[in-house]
Amino acid sequence: MCAYQIQVTSAARRDLRRLSANRGLLERIDERILSLAADPRPHNSQKLANEDSFYRIRIGDYRIIYQILDETLIVLVVRVRHRREVYEHL
């Protein structure tokens, strides 16, 4: 199986910069995002009900929202936010 390429939107980059003060959380999120290259559909990911191609992964109270583009082998990270606000910003 080929590895997927990880791409991060500018909105998700801003989200990650907001988390830079919490180094431990940011490291856990980075590790999880990088692991999506090998397995974009890990057992703890869930497809979002109202969105066709969006998935989410939980990291504590935070969520990584991403799309899987199988045709081009790309995982596109769309948002990384607290669970209270992540779905408002899709």
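At 41% relative accessibility, D61 counts as partly exposed, a class that lies between buried (under 20% relative accessible area) and exposed (over 50%), with a 1.4 Å probe and protein chains only. The model is predicted, so local features need pLDDT of at least 70 and side-chain atom pairs count only at pLDDT 80 or more, while totals for chains, interfaces and linings use all residues. Residues are numbered from 1 along each chain as its sequence is written, and side-chain values use heavy atoms, without hydrogens and water.

D61 forms a salt bridge with R83, with 3.6 Å between the closest N and O atoms; the term stands for a side-chain nitrogen of Lys or Arg within 4 Å of a carboxyl oxygen of Asp or Glu. Because D61 lies in the loop between β3 (54-59) and β4 and R83 in the segment after β5, this pair ties together parts that are 22 residues apart in sequence. R83, at 44% relative accessibility, is likewise partly exposed.

The side chain of R63, a residue of strand β4 (62-69), does reach the backbone oxygen of G60 at 3.0 Å.

Elsewhere, D70 pairs with R41 in a salt bridge whose closest N and O atoms are 2.6 Å apart. R81 and E85 also meet through their side chains, at 3.7 Å from N to O, and salt bridges with shared partners join D15, R18, R79, R81 and E85 into one network.

How values were computed: Helices (H or I, at least four residues) and strands (E, at least two) are DSSP runs, numbered from the N terminus. A polar contact is a pair of N or O atoms within 3.5 Å; within protein, one must be able to donate a hydrogen and the other to accept it, and residues adjacent in sequence count only if both atoms are side-chain atoms.
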